[in-house]
Amino acid sequence: MNETIRNSEVVLLLAATAVAEIAFANYFPAALYLDLSLVLALYIGWNSSPAKGAVRGFTFGLLKDAISGIYLGLNGLSKTLMGFGGSYLSKWLVLEGFPARCVLIGLLSVLDDGIVVGMGALLGQTIQREMWLRTLIQAPVTGVAGGLVFHVYDRFKFPQKDFRRL
């Protein structure tokens, strides 16, 4: 396990996520929306303990709830489960390939939206027909962007060693 994600990094990631999500919500069409908070909750969960992944996921989820204006805690719950689950998935799956990570993140995006919609339905929210279409379009966008974020952040956090000069 890589316990390398510090609190200062999480604060910077939260700030970057807030700016990015507000920009996506205001300047891009809803169909091309990226769930950056899910990607970062999965990344932190993937590279830390289940408890840290859950706490960080909860934090990113509450941020998303505050920005999107839905019931406070729906994304908090779903991102908690995703951060927690990301830690266990890292032990069970070896996903070194870019396409495999993209598919996994895309599938987890659908699961995340399902949790949010399900919890909203339990609280009496009506499910809009466009929600499922948006979810089906958002999943590949989040999957590909998530694969890129994982790849770039891994290169930044864990640079490759040059063993030729030993």
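**Lysine 79.** I looked up lysine 79 and found it buried, at 0% relative accessibility. I note here that the model is a predicted one. Lysine 79 sits in helix H4. I then listed what lysine 79 touches, leaving out residues up to four places away in sequence. The list holds Asp35, Ser37, Leu38, Ala41, Gly57, Phe58, Gly61, Lys64 and Asp112. Ser37, Leu38 and Ala41 are buried residues of H2. I also took one distance from lysine 79. Leucine 133 is 54 residues away in sequence and 21 Å away in space, C-alpha to C-alpha.

**H2 against H4.** H2 covers residues 36–46 and H4 covers residues 74–92. Their axes come within 7 Å and cross at roughly 40°. The two helices are therefore oblique to each other. The crossing of H2 past H4 is right-handed. On the H2 side I wrote down Ser37, Leu38, Ala41, Leu42, Gly45 and Trp46. On the H4 side the contact uses Lys79, Met82, Gly83, Gly86, Ser87, Leu89 and Ser90. By class, I get 6 nonpolar, 6 polar and 1 charged.

**How enclosed is H2?** I checked burial along the helix. Of the 11 residues of H2, 11 are buried, so H2 is largely enclosed by the rest of the structure. The buried residues run Leu36, Ser37, Leu38, Val39, Leu40, Ala41, Leu42, Tyr43, Ile44, Gly45 and Trp46. What covers these residues? The cover includes H1, helix H3 (50–68), H4, H5 and H6.

**H2 against H3.** Next I took the H3 side. The axes of H2 and H3 come within 8 Å and cross at roughly 170°. That makes H2 roughly antiparallel to H3. From H2, the residues in this contact are Ser37, Leu40, Ala41, Ile44 and Gly45. They meet Lys52, Gly53, Arg56, Gly57, Phe60 and Lys64 in H3. The class count is 4 nonpolar, 4 polar and 3 charged.

**The nonpolar core.** Which residues have the most contacts inside the largest nonpolar core? They are Leu42 and Phe150, in a core of 26 residues. Helix H1 (7–27), H2, H4, helix H5 (98–122) and helix H6 (129–157) each supply at least two residues. H2 gives the largest share, 8 residues. I then looked up the partners of phenylalanine 150. Beyond residues up to four places away in sequence, phenylalanine 150 touches Val39, Leu42, Tyr43, Trp46, Arg101 and Ile105. Val39, Leu42, Tyr43 and Trp46 are on my list of buried H2 residues.

**Tyrosine 33.** I moved to the loop between H1 and H2, where tyrosine 33 lies. Is tyrosine 33 buried or exposed? Its relative accessibility is 13%, so I count tyrosine 33 as buried. Apart from neighbours within four places in sequence, tyrosine 33 is in contact with Glu21, Phe24, Lys64, Arg134, Gln138, Val141 and Thr142. Lys64 was also among the residues that lysine 79 touches. For a distance, I took isoleucine 137. Tyrosine 33 and isoleucine 137 are 104 residues apart in sequence and 8.6 Å apart in space, C-alpha to C-alpha.

**H1 against H3.** I then turned to another helix pair. The axes of H1 and H3 come within 10 Å and cross at roughly 25°. H1 and H3 are therefore roughly parallel to each other. H1 passes H3 in a right-handed crossing. H1 brings Asn7, Val10, Leu13, Leu14, Thr17, Ala18, Glu21 and Ile22 to the contact. H3 brings Arg56, Thr59, Phe60, Leu63, Lys64 and Ile67. The contact has 8 nonpolar, 3 polar and 3 charged residues.

**Alanine 66.** My last entry is another residue of helix H3, alanine 66. Its relative accessible area is 57%, so alanine 66 is exposed. From alanine 66 to alanine 18 I get 9.6 Å in space, C-alpha to C-alpha, and 48 residues in sequence. Alanine 18 is one of the H1 residues in the contact with H3.

Notes:
Residues are numbered from 1 along each chain as its sequence is written. This is a predicted model: local features need pLDDT of at least 70, side-chain atom pairs count only at pLDDT 80 or more; totals for chains, interfaces and linings use all residues. Side-chain values use heavy atoms; hydrogens and water are left out. Axes are lines fitted to C-alpha atoms, for helices over the stretch in contact, and angles run from 0 to 180 degrees between N-to-C directions. Helices (H or I, at least four residues) and strands (E, at least two) are DSSP runs, numbered from the N terminus. Angles under 35 degrees count as roughly parallel, over 145 as roughly antiparallel, 65 to 115 as roughly perpendicular and the rest as oblique. A crossing is left-handed if the near helix is turned anticlockwise from the far one by less than a right angle, and right-handed if clockwise. Contact means heavy atoms within 4.5 Å. Ala, Val, Leu, Ile, Met, Phe, Trp, Tyr, Cys and Pro count as nonpolar, Asp, Glu, Lys and Arg as charged, and the others, Gly among them, as polar. A nonpolar core is a set of buried Ala, Val, Leu, Ile, Met, Phe, Trp, Tyr and Cys residues joined through side-chain atoms within 4.5 Å. Buried means under 20% relative accessible area, exposed over 50%, partly exposed in between (1.4 Å probe, protein chains only).
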